[in-house]
Amino acid sequence: MTFPTICSITHTEIDLDALLAQITLPSSGAAAIFTGMVRGVTTRGEPHETVYLEYEAYQPMAEAKMKQVADEIRRRWPVVEGIAILQRVGRLYPRTPTVLIACTAAHRDTGVFEAARYGIDRLKEIVPVWKKEISPDGEEWIEGDYIPKAGE
Amino acid sequence: MMNVKVLFFANLRERAGSRQVELDLAPDVTVAGLKKILLEKFPALKDYLPTVLVAVDREYAFDDTVLSDGAEVALFPPVSGG
C-alpha cells in the first residue's frame, strides 16, 4: 500500500475531516494534527492586536518544498503513514486556521507527535510563504529569520 | 544573450512595484551579477537585496550560482508562513 502525501497551497477553507479521511489507512490508529490560526490578540513579546493577516506564496516552489518536508518526515519517522501539509493564503482574520500539518501512524507512541512538530517547524524555515500583518496602527511584513543552506 | 524571468514576492514585490520582469543577460551571469543589474533597474530594492533569499528554478540559490537561459529566478525575504 502506498502512503498518501498531500501538499498544497489553498485559497479556501481547510477541511480537516476530508484531509484526515485521505491520510487514514486501514492500519492507522493515530493522527497528530497541528493547526495554526490567526491570533487576534498577542500578549507575548510586544503586546498588540491584529486585524487580519494577508498571506502570499510562491505556489509551485512552496508545494515542492512541502513535499521535501514530507520526505524528510518519512526519512526520520518511517512509521508515519499519511502526511498532509496545507497552507492557506489570502486575507485571513483572527481565529481562522491558516496552516495544517497532520501525520498518521499505527499508534500514538511511534513518534507521530514529533513528526507533526517537525513538519510545522520545517515549513516555517523553507516553504516560501509570507504574511503581512494589518494592525489598528498600520501594516508590516512579517519576516522569518531562517537562511536556507545549499540543498535545502 | 540569454533570457531569465525574475519574480518578486512580499516586500520585494511591493518595493519593486512589479511581480515579474524578463531580462536579457550575458551568458554565465551569476546571482550576484543579476542582483547588481536589478539594483540599477529597481533602486528601491537597495536596502533589501543584501538579505534577500534567492531561488533559481524553485531551489534555493546563492550569490555564486550561475544562471542559465530560461531560468526562473525568485527574490523574496526570509519566509514567514504558518
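In this predicted model, B:Phe76 touches residues of both chains: A:Tyr58, A:Pro128 and A:Trp130 on one side of the list, and B:Phe9, B:Ala10, B:Leu12, B:Val52 and B:Leu53 on the other, leaving out residues up to four places away in sequence. B:Phe76 also belongs to the largest nonpolar core, which has 57 residues. Together with A:Ile85, A:Ala102 and A:Cys103, B:Phe76 is among the residues with the most contacts inside that core. In soluble globular proteins, nonpolar side chains tend to be buried together.

Next comes a sheet in chain A. Four strands make up this open sheet, in the order S1-S6-S8-S2, and their pairing is mixed. Strand S1 (5–10) and strand S2 (30–37) are the edges, each pairing on one side only. From one strand to the next, the twist averages 5°. Strands S6 (residues 83–88) and S8 (residues 97–105) of chain A pair in the antiparallel sense over 5 bridges. Within this region, A:Ala84 stands opposite A:Ala102 in S8(A).

Helices of chain A pack against these strands. Helix H1 (residues 16–23) touches S1, S2, S6 and S8, and its direction makes about 25° with that of S8(A). Helix H3 (residues 112–126) lies across S2, S6 and S8, running at about 145° to S8(A).

Chain A as a whole has 3 helices and 10 strands. Its radius of gyration is 16 Å, close to the 15 Å that the globule rule gives for 152 residues, so chain A is as compact as a globular protein of that length. Buried residues make up 32% of the 152 residues in chain A. Of the contacts in chain A with a separation of 6 or more, 74% join residues 24 or more positions apart.

Terms used: Residues are numbered from 1 along each chain as its sequence is written. Chains are lettered from A and ligands numbered from 1 in the order in which they are written. This is a predicted model: local features need pLDDT of at least 70, side-chain atom pairs count only at pLDDT 80 or more; totals for chains, interfaces and linings use all residues. A nonpolar core is a set of buried Ala, Val, Leu, Ile, Met, Phe, Trp, Tyr and Cys residues joined through C-beta atoms within 7 Å. A residue is buried if 20 or more other C-beta atoms lie within 10 Å of its own, exposed if 12 or fewer, and partly exposed in between; C-beta atoms are placed from the backbone. Two residues are in contact if their C-beta atoms, placed from the backbone, lie within 7 Å. Two strands pair if DSSP finds at least two bridges between them. Helices (H or I, at least four residues) and strands (E, at least two) are DSSP runs, numbered from the N terminus. Axes are lines fitted to C-alpha atoms, for helices over the stretch in contact, and angles run from 0 to 180 degrees between N-to-C directions. The radius of gyration is taken over C-alpha atoms; the globule rule is 2.2 Å times the number of residues to the power 0.38.
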